[in-house]
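This report describes parts of one structure, shown below. Please look at the strands and then at the helices.

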Number of protein chains: 2
Amino acid sequence: MDSKLKFDFNNMMSQYVGEKDGFTVHDLEKLDVLADEAAKAFSAIRGQGMTEWSILPEPKCELVSEIKQTAKEIRNDCDAFVVLGIGGSALGPYALFQALSHLRHNELPRSRRKAPKFYVEDNVDPERMQALLDVLNLEKTIFNVITKSGSTSETMSQFIIIYDLLKKTFGPNAAEHIIATTDADNGSLIQIAKEEGLTTFLIPKGVGGRFSIISPVGLLPAAVLGIDISAFLSGARYMDTICKRSNSIYQNPALAAAVLQYDSFTNRGKNISVMMPYADGLKTMADWYCQLWGESLGKAVNKAGEKVACGQTPVKALGVTDQHSQIQLYVEGPKDKVVTFIAVEKYKTQITIPGGYDDMPAISFLSGHTLNELISSELLATEYALTKNGVLNNKIVLSSLTAESMGQLVMFFMLQTAYAGELLKIDAYNQPGVEEGKNATYALLGRPGYDAKAQEINSWPKKNSRYILGT
Amino acid sequence: MDSKLKFDFNNMMSQYVGEKDGFTVHDLEKLDVLADEAAKAFSAIRGQGMTEWSILPEPKCELVSEIKQTAKEIRNDCDAFVVLGIGGSALGPYALFQALSHLRHNELPRSRRKAPKFYVEDNVDPERMQALLDVLNLEKTIFNVITKSGSTSETMSQFIIIYDLLKKTFGPNAAEHIIATTDADNGSLIQIAKEEGLTTFLIPKGVGGRFSIISPVGLLPAAVLGIDISAFLSGARYMDTICKRSNSIYQNPALAAAVLQYDSFTNRGKNISVMMPYADGLKTMADWYCQLWGESLGKAVNKAGEKVACGQTPVKALGVTDQHSQIQLYVEGPKDKVVTFIAVEKYKTQITIPGGYDDMPAISFLSGHTLNELISSELLATEYALTKNGVLNNKIVLSSLTAESMGQLVMFFMLQTAYAGELLKIDAYNQPGVEEGKNATYALLGRPGYDAKAQEINSWPKKNSRYILGT
């Protein structure tokens, strides 16, 4: 593999970041033992239950061919491709789109775009849905409805609205505008797909939404955009291979990253994990990470049923943009966070800052430099400022934003999360905490069978008008 | 004022959220005393120094007329309006754009848009700048370069590149494509503006970037988009009036919000403030809040020079989207956050979910409901789930997204921040923590006068290859 993801944790070490929070060589030695245990615990469950995401499709398997074939037809025939999904079903496709397509893709002329316009609709705000309908040419649009459970209220609401519209517009041909990505057996979507004869891709049983980027959830939309999904899968396999071959934090980058965050959270009071890429293309990838990290590790109890209430709160920041928003806080505020930078060694273009302002020292030094140098220098400067001020930080370095490097990156994050789950001894693959809200929504909307919950909500103390101001 | 912002803090009270973290009536009484002091402290500095943002322009003053006149010409003549700015100079305009324009504005036909396409370029990623240049028709484009200091490296780099391009393309007419928004005296931009004869709007001395939304920084781009800036100013004035007339948390909503966050941070271990609007239009407004809150309150020392290292870390979440990303963590993870919801009572459109799936109970209950009911029910359900699980939360309620309600909202946030600054006894208007990174950038780019800093960076211990994995 030509381009290799690097993980640099020098600035977590006491030698750089200071004694107070920094890790010593001795700390690392102790953590290496914990890491070994966690890696072994993950090996023991790898590929089973909800860790089926770790069994990666071969870059040239039948599924990949089938996805590429479907994508090719869509690329030729369609003006717009719309993902209807929420959570991992939206963030995975959107992250790959933003990282690997032109940053103004939808505004390019068709000849330059070479792919349909691309939309990811991950909310039920009625204004948002109306805005989408205002710009679509339905005749040339494919909707990819994605839900693992097949019953996600938001996604299925969108689907019902859209499918109704399509049926009213195209009659029996409506089904040609929908592709379903869902579970083989469970949920309403697979049932509808069978009844209506929808083109369908299956999400493997043991792949949860936040781990589904390397499944048809992420792969089909990526292929529609012209992203080389075989290279993406090769990148992921490469990272998996690297990490599989060692249980030591000195060899396994995802394991090192996991154990450093784990110890920062557990023993050093760092309850915030900031993900700060220095590339606009990685903004949504940071959102994808935030779901993966937050939803996997934010758990009330561990596997033994003991109360733990663990989980760092992930925060997205964008370099250099958020230097002008959040760095003041990171430098001077509480030492409650670990910042992970993502550096890009080579951007796809280079732009030079011209001269002509020699008499203005506040800006003349910029001239002759490239924006590439500016953004890279600002990253180094920010690392330096944080480290000097005792803020734990580390860095993922990508050679450039390619399908291959994105495969490496998502696999790095998924393995890091899996290892962190074992370190915390929690189930990283469930999400019991969302049930209360789901059930309350069902009750509020009058779903049969939720009367008890409705009654419980109604018996909640009435709001006190004294605590509502501005009326 | 017909539509009034409401602030509802019932779910901060122990009666609802539980004894452990909830506020009692007795707590409120004590806090009301603190609040009174803070409000008085703010009154004492109001309008002076860097609090000039609290002196709002009259909705019908000369400045507003001038902005409207310029905006009208741009609306008639131009295809694209590009803001070059970073931090508050970008987030303010972008927040108003997203809240008050069509959510797919740039993709609408000109006839429907009634305003130029709109871009906010707040990063120096070369791929981002190239992507912008790929879709612009320069001849019909106006660039609004915004920097208070007049020397912000990122913004001035963008400006230098663009102005060079404009000069090469349009010769002496290049200046017609630029509007400068900056300080009257300081910095390179005002000097260039005078030399080149650029149309210029001034940012008042005592208005910092993150408070500049109610100044030409926010007002000109908003007016170009056709937003009623007089109504926006009226909304802000209304909120200011409401808050000015009482120093009690039972009357002054921004003060109540400030003191609750203050005590949550200081005495209840809540170092995270989540801002979670239930409207796609408010996504960037949440980013704007994150800068305001983070940069204003994240301070190493208080006014007395004592070390405090204070400041909540603001986090943006979007309802309902992030229910499928972050709510698991919020419900089950550490009790380290306060969640502030923003509700919208009336969306601009209504979409009904059709029927036809009677045999599928997991989705049939949705039919006949509107997306409006779904999103509102999900907000109530999420409030309920968090409250039941002991997570402190409160809610800002807007009648709808209008220029007026946005005026109220931004003023609410600015006053809340100002009060919080007085409660923490810190200077909410400076940002000394960004200097280290700025200086390091200058040094790395070889700016004259920064040799000592360059030497300091060079003498930093070399990185240890043992801590760089994946090579």
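## The sheet

Strand E2 (residues 80-84) of chain B pairs with strand E4 (residues 141-147) of chain B in the parallel sense, over five bridges. Strands pair if DSSP finds at least two bridges between them. Helices (H or I, at least four residues) and strands (E, at least two) are DSSP runs, numbered from the N terminus. B:Ala80 stands opposite B:Thr141 in E4(B).

These strands belong to an open sheet of five, in the order E3-E2-E4-E5-E6 (chain B), with parallel pairing. At its edges are strand E3 (117-121) and strand E6 (199-202) of chain B, each pairing on one side only. From one strand to the next the twist averages 15°.

## Source of the model

The model is predicted: local features need pLDDT of at least 70, and side-chain atom pairs count only at pLDDT 80 or more, while totals for chains, interfaces and linings use all residues. Residues are numbered from 1 along each chain as its sequence is written, and chains are lettered from A and ligands numbered from 1 in the order in which they are written.

## Helix H2

Helix H2 (residues 25-45) of chain B has 21 residues and reaches 30 Å from its first C-alpha to its last. That is close to the 30 Å expected at 1.5 Å a residue, where the expected span is 1.5 Å times one less than the number of residues. After H2(B) comes B:Gly47, with a positive phi near 85°.

Technical notes:
Axes are lines fitted to C-alpha atoms, for helices over the stretch in contact, and angles run from 0 to 180 degrees between N-to-C directions.
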